[in-house]
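I opened this notebook to record what I looked up in one structure.

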Amino acid sequence: MTPPPARWEPMTAADVDAIAAVADVVHPAFPEDRAVLAERFALCPEGCFVLRQGRDGAVIGYTLTHPWAADSVPPLNTLLGRLPPEGAARVYYIHDLALLPAARGMQAGAAAVRLLEARARAAGLATMALVAVNNSGGFWRARGFAPVDSPHWQQKLASYGADAAYMTKVL
Ligand SMILES: CC(C)(COP(=O)(O)OP(=O)(O)OC[C@H]1O[C@@H](n2cnc3c(N)ncnc32)[C@H](O)[C@@H]1OP(=O)(O)O)[C@@H](O)C(=O)NCCC(=O)NCCS
C-alpha cells in the first residue's frame, strides 16, 4: 500500500529530539545545541512545525520561526532569552527550514513557506525575513524573497558561511 504523503503538523515539545536529529544531518556546518532548538519552540510554539511521514509520524523535516526585530539576525547557536515585546516585532523571522535529503523535491518546502506566510499574517507582520544558507537563495527567490545587500549584512553574516544572504519578503 502507498504510504500517506508527508504532512506539516504543529510541533510539540516531544519533537525536540527528533528535530535535533534532523538538524545534525542537514546542518553539520552550523550545529546548534538542543537547548537552543528547544528554546525557539518554547518562545513561539505556534511558529514551529514538523514534517511527518508514514503511519508512525516520523519527523523528516522541521521549521522554526518567530516574530523578531527589523534588520537584526540572532547569532547562531545562541539562546534568545525572549522575543520582542508585544507590538515591537517588525518581521516574521524564519530561523530554519530543514528537510532530510529524502524529503526534498516534493514541494514540502514550498508548502512550508505558504504555511509560514499565514502565520506571519496571523501575527500581524507584513514582512518576512531569513538568512539563506546552503545555496538555498534560489529556493527563496522563487518564493518572493529578495536579498538585502549591504556591507552591514556581509559583516554580520560572516558566521553563516560565504553564500549567506539576509532576505526579506513583503506580504
Ligand atoms: C531548501 C529546502 C527547504 C527546499 O525544500 P524542498 O521541499 O526540497 O523544495 P520544494 O520541493 O518545495 O521546491 C519548490 C521549488 O523550489 C526549487 N528549489 C528547491 N530547492 C532549491 C534550491 N536550493 N535552489 C533553487 N531552487 C530550489 C524546486 O526545484 C522547486 O521548483 P518548481 O516549483 O519549479 O518545481 C530543502 O532543500 C532543504 O531543507 N535544504 C537543506 C536545508 C536548507 O538549506 N534550508 C534553507 C536554510 S535557509
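**Basis.** I worked from a predicted model, in which local features need pLDDT of at least 70, side-chain atom pairs count only at pLDDT 80 or more, and totals for chains, interfaces and linings use all residues. Residues are numbered from 1 along each chain as its sequence is written.

**Helix H3.** I took helices (H or I, at least four residues) and strands (E, at least two) as DSSP runs, numbered from the N terminus. I then asked which residues of H3 are buried. They are Gly-109, Ala-112, Val-113, Leu-116, Arg-119 and Ala-120; a buried residue has 20 or more other C-beta atoms within 10 Å of its own, an exposed one 12 or fewer, with C-beta atoms placed from the backbone. Seen down the axis of H3, these buried residues fall within an arc of 120° (taken from the directions from the axis to the C-beta atoms), so they line one face of the helix. On the other side of H3, I found Ala-110, Arg-114, Ala-118 and Ala-122 exposed. Just after H3, Gly-124 has a positive phi of about 75°.

**Ligand shell.** I noted 20 residues around the ligand, each with its C-beta atom within 6 Å of it. The closest are Arg-104, Gly-109, Ala-110, Asn-134 and Gly-138. S4, H3, S5 and H4 each give two or more residues to this shell.
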